[in-house]
Amino acid sequence: MTILDKIVANKKKEVAYAKKRTSYIELEESEYFHRETYSFKDFLLDPARTGIIAEFKRKSPSKGIINDKVRVSKVTTDYAAAGASALSVLTDRDFFMGRKADLKKARSVNNIPVLRKDFMIDEYQVIEAKALGADIILLIAAILTPAEIDKLATLAKSLDLNVLLEVHNLEELERSIHPKLDAIGVNNRNLADFTVSVETSYQLAKHIPAEFMKISESAISDPETIRHLKLAGFNGFLIGETFMKQQDPGLAMREFVAQL
């Protein structure tokens, strides 16, 4: 089994347990469920912002613990102040040390879009994302069929959530394009072996239809890379480890942005 296979197998158990703990009705009665979500596109294309989707991530399966000493409320507000167009918050506990409470905390102290970064395989997770205060959900083509993408994206749009589809290669992109997507992200990290190469973004850029925002994810550690990605047509840049591996992620982002 690849790491991705293990994550998905574990996620199925996790979702089954969550359904027993918290009912759909309880989710729909949560404080954030009926809030008006922010437009991912509006913030991403705002010239006053950077296009960076700044990620809060304590750990990864490939790198181990990245930074488990910082608070989500401090880091995310610092990211927003540094010009982030959106925030990405990991909610997977077993492989990334994420917590659902992290997303709620980020939502409570920020006024920009928040992406629930997780492995979405069930409609329950979409409703849960809305209840936690997310504005954007992530759908990973590598773990979903076109029919599943249709089902999850359709539900997300009915809840006024933005949808980011993540692809790793041309085959995933071509079979997964759907009219209810807002953005297509190219993950420069191979989820089978977790190696990274930004060349993946350059290779797929021309194949992403113009109606979708283009996001490059992972392997971005140099401001010069963002300049090249913009020339290739990308609107957004998901950056996590570059900032999180520093003692002060918010300061790391400010220094990075100063070089753009």
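A: On a 1 Å grid over the protein atoms alone, a cavity is a set of points where a 1.4 Å probe fits but cannot get out, and lining residues have an atom within 4 Å of a point. Grid points are joined across faces, edges and corners, and a volume is the space filled by probe spheres set on the points. The model is predicted: local features need pLDDT of at least 70 and side-chain atom pairs count only at pLDDT 80 or more, whereas totals for chains, interfaces and linings use all residues. Residues are numbered from 1 along each chain as its sequence is written, and side-chain values use heavy atoms, with hydrogens and water left out.

By this rule there is one cavity of 30 Å³ or more. The largest cavity has a volume of about 40 Å³. Its lining consists of Lys11, Glu14, Val15, Ala18, Lys100, Arg116, Tyr124, Gln125 and Glu128.

The lining can next be described by element, where helices (H or I, at least four residues) and strands (E, at least two) are DSSP runs numbered from the N terminus. Helix H1 (3-21) and H7 each supply at least two residues of the lining. H1 gives the most, with four residues.

Lys100 is found in helix H6 (residues 100-109). Its relative accessibility is 27%, so Lys100 counts as partly exposed; buried means under 20% relative accessible area, exposed over 50%, and partly exposed in between (1.4 Å probe, protein chains only). Contact means heavy atoms within 4.5 Å. Leaving aside residues up to four places away in sequence, Lys100 touches Ala18, Thr91, Arg116, Glu128 and Leu132. Lys100 and Leu132 are 32 residues apart in sequence, yet 7.2 Å apart in space, C-alpha to C-alpha.

Helix H7 (123-132), which supplies at least two residues of the lining, is also a packing partner of helix H8 (residues 146-158): the buried residues of H8 pack against H7, strand S6 (136-140), strand S7 (162-167) and helix H9 (170-176). Those buried residues are Ile149, Leu152, Ala153, Leu155 and Ala156.

Methods: The expected span of a helix is 1.5 Å times one less than its number of residues. On a 1 Å grid over the protein atoms alone, a cavity is a set of points where a 1.4 Å probe fits but cannot get out, and a pocket is an open set with protein on both sides within 12 Å along at least five of seven lines; lining residues have an atom within 4 Å of a point.
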